[in-house]
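Subject: A structure for you to look at

Hi there,

Here is the structure I promised to pass on. Have a look at it first, and then read my notes below.

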Amino acid sequence: DLIILGKQAIDGDTAQVGPELAEQLNIPQVTYVKKLDISPEEPFTITAERLLEDRVETVECRLPALITVTKEINEPRHPSLRGVLNAKKAVIPVWNKDDISCDDDKIGLNGSFTQVMKIFTPPVRTGREILSGTPEEMSKVLVKKLKIGRAHV
């Protein structure tokens, strides 16, 4: 009913896996979730707080759904001494591409449909304008503003 993923991988840093999986499964998605509440009654819904650059947005959607979470979603527990000692003895299997019968062209940079060319934080938008008038008047103003904006690109 609920698929939970981290917000992004550490290799490409593109945050695409969650949204792509939700799209393939044809279920709603909520990204960058920092807090989550699940309704206990049908129809089951989630209320999620999304961490955005300049604010927190609250979103509600029905299950099944997929969410990607930020580190703020959880406060980690500290392991007990016994847990630390057991972890030191744990044998963790490491698989490579041959163990899972995967071709070189399906993994890593060769298998990626995208490449990160540049990472940057876009400037925060400060000015917002609310149009007024009839729908026809507002649409004319909006088209004019969009044409002017394209000229600067």
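**What I found**

Let me begin with charge: the protein chain carries 21 positive and 23 negative side chains, and the centres of these two sets are 6 Å apart. Please keep in mind as you read that this is a predicted model.

**The overall layout**

If you trace the chain, you will find four helices and five strands. Their order along the sequence is β-α-β-β-β-β-α-α-α. The radius of gyration is 22 Å, whereas the globule rule gives 15 Å for 153 residues, so the protein chain is more spread out than a compact globule. Along the principal axes, the C-alpha trace spans about 70 × 45 × 30 Å.

What share of the 153 residues is buried? Buried residues make up 13% of them. As for contacts with a separation of 6 or more, 49% of them join residues 24 or more positions apart.

**How the strands pair**

With strand 3, strand 2 pairs in the antiparallel sense over five bridges. Lys35 has Glu49 in strand 3 as its bridge partner. Strands 2 and 3 also form a hairpin, with six residues between them.

Strand 3 runs over residues 45-51, and Thr45 is part of it. Is Thr45 buried or exposed? Its relative accessibility is 14%, and buried means under 20%, so Thr45 counts as buried. Apart from neighbours within four places in sequence, Thr45 is in contact with Asp37, Ile38, Ser39, Glu60, Cys61, Arg62 and Leu63.

Arg50 lies in strand 3 too. At 16% relative accessibility, Arg50 also counts as buried. Which residues does Arg50 touch, not counting those up to four places away in sequence? They are Val30, Thr31, Tyr32, Val33, Arg55, Val56, Glu57 and Val59.

Enjoy exploring!

Best wishes

Terms used: Residues are numbered from 1 along each chain as its sequence is written. This is a predicted model: local features need pLDDT of at least 70, side-chain atom pairs count only at pLDDT 80 or more; totals for chains, interfaces and linings use all residues. Side-chain values use heavy atoms; hydrogens and water are left out. Helices (H or I, at least four residues) and strands (E, at least two) are DSSP runs, numbered from the N terminus. The radius of gyration is taken over C-alpha atoms; the globule rule is 2.2 Å times the number of residues to the power 0.38. Buried means under 20% relative accessible area, exposed over 50%, partly exposed in between (1.4 Å probe, protein chains only). Contact means heavy atoms within 4.5 Å. Lys and Arg count as positive and Asp and Glu as negative; His and the chain ends are not counted. The place of a charge is taken as NZ of Lys, CZ of Arg, CG of Asp or CD of Glu. Two strands pair if DSSP finds at least two bridges between them.
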